[in-house]
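User: I have a model open and would like to talk it through with you. Could you start with the terms we need, and then go on to the fold?

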Amino acid sequence: MEQRSDALQRFLGGYARLARLPPPQVRPLDLALLCGRVHGLLADARFRLEPGEPAHVLADGDQIEQVLINLVRNALEADPHGVVALRWRSEGGQAWIEILDGGHGLPSSDSLFVPFFTTKPGGSGIGLVLSRQIVEAQGGRLSLRPRDDMRGTVADVVLPLCDATKA
């Protein structure tokens with residue numbers, strides 16, 4: 001009974017977070033500063049920052065920071081002994097932020113972005129859903145794909161670039 005109650009509490013807490021996501025406060029945002037902040041917050045020797053060229057996006061810095069923290073934590077959990085990299089690049093008017101891990105790769109499930117679906121013991125199943133919702137509310141997209149250079153996964157966050165002179 002206690003386990004069921006705990007599961008229900010997690011479910012309700014997750015549902016409440018999904019239901020009341022505040023609208024983004026979109027502003028020009030320097031990717032080097034954002035990614036550097038995320039790297040500093042997650043002080044883990046296995047987490048490496050691979051700086052890209054200077055780029056500015058139109059995004060809510062607090063919300064995108066939370067998305068990146070969630071994705072990096074997922075990557076660190078997927079590969080407890082390997083290295084996780086955070087990098088970015090610009091292409092076609094968009095910024096591509098990539099989180100790469102060397103874990104076992106994506107589970108064979110099309111449900112990764114379905115609310116309350118989880119592959120982790122004790123997971124709530126809202127992290128990826130909430131992250132995707134945040135990114136899409138800012139005109140971007142979030143996807144997961146297998147790495148093409150080795151075993152593992154890449155989480156791609158794609159956001160619109162803005163003119164750096166306006167940042």
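Analyst: Buried here means under 20% relative accessible area, whereas exposed means over 50%. Please keep in mind throughout that this is a predicted model.

User: Fine. So is G82 buried or exposed, and why?

Analyst: G82 has a relative accessibility of 13%, and because the cut-off for buried is under 20%, G82 counts as buried.

User: And where does G82 lie?

Analyst: G82 is in the loop that runs between α3 (61-78) and β4 (84-91). Its C-alpha atom is separated by 6.2 Å from that of G102, although the two residues are 20 apart along the chain.

User: Let's step back to the overall layout. How many helices and strands does the chain have?

Analyst: There are four helices and seven strands in the chain, and along the sequence they follow the pattern α-β-α-β-β-α-β-β-α-β-β. Of the 167 residues, 38% count as buried. Among contacts in the chain with a separation of 6 or more, 71% are accounted for by residues 24 or more positions apart.

User: What order do the strands of the five-stranded sheet have?

Analyst: The order is β2-β4-β5-β7-β6, in an open sheet with mixed pairing. β2 and β6 (141-146) are the edge strands, each of them pairing on one side only. On average, neighbouring strands of this sheet are turned by 20° against each other, with direction ignored.

User: Which strands pair in the parallel sense, and over how many bridges?

Analyst: β2 and β4 pair in the parallel sense, over four bridges, and one of the residue pairs involved is F47 with its bridge partner V84 in β4. β4 and β5, by contrast, pair in the antiparallel sense over seven bridges, with Q94 in β5 as the bridge partner of E91.

User: What does the turn between β4 and β5 look like?

Analyst: β4 and β5 form a hairpin with two residues between them, and G92 in the turn has a positive phi of about 55°.

User: Now the other side of β5. How does it pair with β7?

Analyst: β5 and β7 (residues 153-160) pair in the antiparallel sense over seven bridges. I99 stands opposite A155 in β7, and L100 has V154 in β7 as its bridge partner.

User: And β6 with β7?

Analyst: β6 and β7 are also paired in the antiparallel sense, over six bridges, and R145 stands opposite V154 in β7. The hairpin of β6 and β7 has six residues between the strands, and G152 in that hairpin takes a positive phi near 135°.

User: Switching to helices: which residues of α2 are buried, and where do they sit around the axis?

Analyst: In α2 (residues 31-41) the buried residues are L31, L34, C35 and V38. They cover an arc of only 90° around the axis, so they lie on the same side of α2. The exposed residues L33 and G40 are carried on the face of α2 that is turned away from its buried side.

User: What do the buried residues of α2 pack against?

Analyst: They pack against β1 (27-30), β2 (47-50), β3 (56-59), α3, β4 and β5 (94-100).

User: Which residue caps the N-terminal end of α2?

Analyst: D30 caps that end, with a side-chain oxygen 2.8 Å from the backbone nitrogen of A32.

User: You mentioned C35. What about cysteines and disulfides?

Analyst: C35 counts as buried, because its relative accessibility is 0%, and C162 is buried as well, with a relative accessible area of 18%. A search of the whole structure finds zero disulfides.

How values were computed. Residues numbered from 1 in each chain as written. Predicted model: local features only at pLDDT ≥ 70, side-chain atom pairs only at ≥ 80, totals over all residues. Heavy atoms only, no water. Buried < 20%, exposed > 50% of the residue type's maximum accessible area, 1.4 Å probe, protein only. Disulfide = S-S within 2.5 Å. Arc of directions from axis to C-beta. Contact = heavy atoms within 4.5 Å. Polar contact = N/O pair within 3.5 Å; in protein donor to acceptor, adjacent residues only side chain to side chain. Pairing = 2+ DSSP bridges. Axes fitted to C-alpha atoms, helices over the stretch in contact; angles between N-to-C directions.
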